[in-house]
Amino acid sequence: NISNMNIKFNCHISIREIDSNLFKFKTSAKIATAAYLNHNIITTYEESVKDIMPEDYPFILYSTDEESIKKMFDLVINDFNGDKKLWNKGLEIMKKIKEDLSIDNIAKKYLEIF
């Protein structure tokens, strides 16, 4: 049961059923919040993720069935409690996203447009 799955460390979660009406709305705020806090996020591969996150980010869900979600939770927990190879890769990607979404960088991009 998904409601019994717990991650007991700083990992955000944004799971939306693929191809649902809700899935079509951009949710980059969740990714930006996780990045700002220097945390990883488990997220479905929705439009906002495609816009700002590389496909090699290790904690992207391409399916929202219960088995896929459980496997992702297990992957995150086992990696975090192990060598943290994927965890640290994720944090490096999130660091880049944090820089890309910073006010200074966004202002610079707007100035380039004008």
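Which side chain meets that of Lys50 in a salt bridge?

## Salt bridges within helices

In this predicted model, the partner of Lys50 is Glu47, with an N to O distance of 3.3 Å. The two residues are three apart in helix H2 (residues 47-52), a separation of about one helical turn. Lys50 has a relative accessible area of 38% and Glu47 one of 34%. Each value falls between 20% and 50%, so Lys50 and Glu47 are classed as partly exposed.

The count of salt bridges comes to six. Another of them joins Asp74 to Lys70, with the closest N and O atoms 3.0 Å apart. Both residues belong to helix H3 and are four residues apart, about one turn. Asp74 is partly exposed at 32%, as is Lys70 at 43%. In helix H4, Lys96 and Asp100 are also four residues apart, about one helical turn, and their side chains meet at 2.8 Å, N to O. Relative accessible areas are 45% for Lys96 and 32% for Asp100.

## Nonpolar core

The largest nonpolar core holds 23 residues, and Ile42, Met53, Tyr57, Val76 and Met94 have the most contacts inside it. Two or more residues come from each of helix H1 (28-36), strand S2 (40-44), strand S3 (60-61), helix H3 (66-80) and helix H4 (85-100).

Leaving aside residues up to four places away in sequence, Ile42 touches residues including Ile7, Cys11, Ile15, Phe59, Leu61, Met72, Phe73 and Val76. His12 and Ser14 are also among its contacts.

## Nonpolar surface patch

Leu101, Ile106, Tyr110, Ile113 and Phe114 make a nonpolar surface patch of about 570 Å². Of these, Tyr110 is found in helix H5 (residues 103-113).

Conventions: Residues numbered from 1 in each chain as written. Predicted model: local features only at pLDDT ≥ 70, side-chain atom pairs only at ≥ 80, totals over all residues. Heavy atoms only, no water. Core = buried A, V, L, I, M, F, W, Y, C linked by side-chain atoms within 4.5 Å. Buried < 20%, exposed > 50% of the residue type's maximum accessible area, 1.4 Å probe, protein only. Contact = heavy atoms within 4.5 Å. Patch = residues over 30% accessible without salt bridge, like charges linked within 9 Å, V, L, I, M, F, W, Y side chains within 5 Å. Areas by Shrake-Rupley, 256 points an atom, 1.4 Å probe, with all protein chains shown as cover. Salt bridge = Lys/Arg side-chain N within 4 Å of Asp/Glu carboxyl O.
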